[in-house]
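Please keep the sequence and the 3D view at hand while reading.

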Amino acid sequence: MNDRINKLRDVTINLGHGGGGRAMRDLIEDVFVAAFDNPALAALEDQAVFPLAELARHGDRLAFTTDSYVVDPLFFPGGDIGTLAVSGTVNDLAMAGAKPLFLSCGMVIEEGLAVDTLRRITASMQRVAIEAGVLIVTGDTKVVERGSADKLFINTAGIGIVPEGVNISARRAQVGDAVIVNGFLGDHGVSILIARQQLALQADIASDCGPLGSLVATMLDACNDIHCMRDATRGGMATVLNEFAISSDVAIHIQETAIPVRDEVKGACEILGLDPLYLANEGKLIALVPARCAQRLLAAMHGHPAGTHAAIIGEVVAQPAGIVILKTEFGGRRIVDMLVGEQLPRIC
Amino acid sequence: MCLGIPGQIIGIHDAVNNLALVEVSGVRRLINIAFIVDEALPPAACVGDWVLVHVGFAMSRLDEAEAMHTLALLRELGEMDEAGELGDLRNATDTFSATGSTP
Amino acid sequence: MKYVDEFRDPDRARALTLEIHRLVERIDRTRGGLERPLQIMEVCGGHTHSIFRYGIHQMLPPEVEFVHGPGCPVCVLPMGRVDDCVALAERPEVIFTTFGDAMRVPGSRTSLLKAKADGADVRMVYSPLDALAIARATPHREVIFFGLGFETTMPSTAMTVLQAHAGHIENFSLFCNHITIIPTLKAILDSADLRLDGFLGPGHVSMVIGTRVYRFIAEQYRRPITVAGFEPLDVLHSVFMVLRQIAEGRCEVENQYARIVPEDGNAQALSAIQQVFEPREFFEWRGLGSIEHSGVRIRDTFAAFDAERKFPVANLQFSDPQACQCGEVLKGVIKPHQCKVFGTACTPDRPLGALMVSSEGACAAHYRYARIDTSALTGRAAVRPGSAPAALRAQA
């Protein structure tokens, strides 16, 4: 073990920790290397290097993605910015059917952030990384002046390998495909709204944030021809369905009564005038699959902890192309449009 | 301006300042009940009542008898119809195709 | 959700729809044929939202049409008043608090949302009491609450002012843009180019002002009016009740929403309004021009809480762009999709006029939920004239 571990005595982060000198080295070793605990990171090189042959064991294509995480508040029921930073990027890889392998972690820290906060967040990141079977192998740390960043911004990039024969793309929807979601929608969006406290609501709603790699592996075992798959993050399920409909030039019909939404999320939406279809999720995927696989796939998902409330909510048809249509619980029909701007609570 | 939702008063937070805890489908919020209380019906007597919640205020007590009455009226309207015609209308309005994959 | 789910029951909807069809046939027979569809105006933006969100307009026979009234207080906010909001928000000492839907309304140069992005301290609140709480928590800042809405929301704003007064809060004020429903209804009824057969009355306004106030509509103007709830079954039931009045040759005020709306309204709420507000002689409505006595202002007693007296407010007036036909849509003379710029120059993304701004505006609701005719889903979709989804996708 490096004799520098446990040398960080500071209680808060200051500009010196981003300066490239001893203070920064102490921070990296004592917080990041200690938390993420793997040989690649501990080597403290400027990059992580892997033999291609190793990677090729898992499939024939490399998947590569990146995302930045700027959530406020940093901690909320069900997770924190750290759990989001790992899950979100792991999920972007998983949505291609890729086996997620390695993540990078770039942090922009506002001076004054408590070191303890950073320790809690990196601990969360490692917990999710272990659950997802990934290693955080390289990173970067910057510290900026007070006011230049909102407490902490994290960027994670990830690589994974797509197994041979797996071909998932927003352009592959076919008429007749079933639309499947893996569980309750809107939990993350509402839990964040509540955690921000501006609206003074209380409810037992926690974010659904979590890695979906294992669920996707189960899904691919049950159905080797998933056409489209995306996680329903900002903009919610409505955005993903519109993206599929437009990219594949098909129409998507969904049944309101089939869409799983918790009572508390419904309640919060009714009070605030929000539509759960547009709320953010951090552990929910939407998949379009051939009709012949749908029931088998659903059964497989029900057997997995991230899919216990999975449901078939609709189907792909030909017309009107590029449009998503909802059959309401009341029986009438309406368009589910692309979101314009941010969804705001209303009084009308 | 119109957005209001029925909620149930589950507790009084501050009777003097007319603040009560209301619950809508498991979501709770403090609301002001000044508009639905008076000498005959003080805050304590409101616990368990259903009210219409709008921008943080209880604007009206929900009259449960009237609610039942309206639902009964609607039920009666439905029963006026013979099975045949209603069945036809159901088939006519239901063009949503059932491939067996939607509930 | 209790008292909500029961009023969304699709089985009841089918029965009601059938009864509506029967009533229309009866009216048709009685009149020896209908020259034009029966037109029922829903006054309230909340009803417009329900109709489109649940697809209720598709469930009606073609002989019955909704005419979307101007009861969306966000939509009818004049540009000049939005400019005033922005000017107030841009003052460094001010925390400007507002309901969510008002943030996107464009003024003559910008909106509150954009002003927030540019550094103005604009904060969204759910309740005016939350704004007062902010004032208590930040005594060194001036907190202004943007009060808008009909009589539904007036009592809440009034009560907040009364609390501020009782608590001697010196850093709280109200920018009052409340409007009243009765002058609005009169203006619509007096409109020469309008042919309405009945009204769906505003359910939540009525829980404050009661139902007797609408008698003039039935007695003087000879139109049936049914005060309606907001769940889809309430709306359908109310349409049924209006049609039944027409079929039976009656012109009365009926109350479909009796579980919430008392005939006499809410005495405490009306009292709070009375104490704090008085009528303004004129108030401007975007798209409709000025309507007499349709606005309220804060009484002199509470002048210390009137943002218009505390701060300089320009109160300039702007006309809508020439291409804008909001006024005609608001009066129900044309339907949203009949406006020449609907879906082309005017979209929710880039609204030209008031009705495309708030999601309860008739044009925004129509565009978002119904710009494609989904009632016949076999074969090609019938796209409404004036909307061009392919071109818009290219824009997005």
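Does B:Ile31 count as buried or exposed? B:Ile31 counts as buried, because 26 C-beta neighbours lie inside 10 Å; a residue is called buried if 20 or more other C-beta atoms lie within 10 Å of its own, exposed if 12 or fewer, and partly exposed in between, with the C-beta atoms placed from the backbone. The structure is a predicted model, in which local features need pLDDT of at least 70 and side-chain atom pairs count only at pLDDT 80 or more, while totals for chains, interfaces and linings use all residues. Residues are numbered from 1 along each chain as its sequence is written, and chains are lettered from A and ligands numbered from 1 in the order in which they are written.

**Chain B**

B:Ile31 lies in strand E3 (residues 27-32) of chain B; here helices (H or I, at least four residues) and strands (E, at least two) are DSSP runs, numbered from the N terminus. Leaving aside neighbours within four places in sequence, B:Ile31 is in contact with B:Ala20, B:Val22, B:Val53, B:Gly56, B:Phe57 and B:Ala58, where contact requires that the C-beta atoms of two residues, placed from the backbone, lie within 7 Å. B:Trp50 is 19 residues away from B:Ile31 in sequence and 13 Å away in space, C-alpha to C-alpha. Chain B as a whole has two helices and five strands, which run β-β-β-β-β-α-α from the N terminus on, and 40% of its 103 residues count as buried.

**The sheet in chain A**

In chain A, seven strands form an open sheet in the order E9-E11-E7-E12-E10-E13-E14, with mixed pairing; two strands pair if DSSP finds at least two bridges between them. At the edges stand strand E9 (228-231) and strand E14 (333-335) of chain A, each of which pairs on one side only. The twist from one strand to the next averages 25°.

| Strands | Bridges | Direction |
|---|---|---|
| E7(A) and E12(A) | four | antiparallel |
| E7(A) and E11(A) | four | antiparallel |
| E9(A) and E11(A) | four | antiparallel |

A:Ile180 has A:Ile312 as its bridge partner in E12(A) and stands opposite A:Ala287 in E11(A). Five of the five residues of E11(A) are buried: A:Leu285, A:Ala287 and A:Val289 point one way from the strand, and A:Ile286 and A:Leu288 the other way. In a regular strand the side chains alternate between the two faces of the sheet.

**Chain C**

Chain C has an open sheet of five strands in the order E2-E1-E7-E8-E9, with parallel pairing. Strand E2 (64-71) and strand E9 (253-255) of chain C stand at the edges with a single partner strand each, so one side of each is left without a neighbour in the sheet. Six bridges join strand E1 (residues 38-44) of chain C to E2(C), and C:Ile40 stands opposite C:Phe66 in E2(C).

In helix H12 (residues 267-276) of chain C, C:Ala269, C:Ala272, C:Ile273 and C:Val276 are buried. Seen down the axis of H12(C), the buried residues fall within an arc of 100°, so they line one face of the helix; the arc is that of the directions from the helix axis to the C-beta atoms. What covers these residues of H12(C) includes strand E5 (57-61) of chain B, together with helix H7 (154-166), helix H9 (203-209), strand E10 (277-285) and strand E11 (289-298) of chain C.

Definitions and conventions
Axes fitted to C-alpha atoms, helices over the stretch in contact; angles between N-to-C directions.
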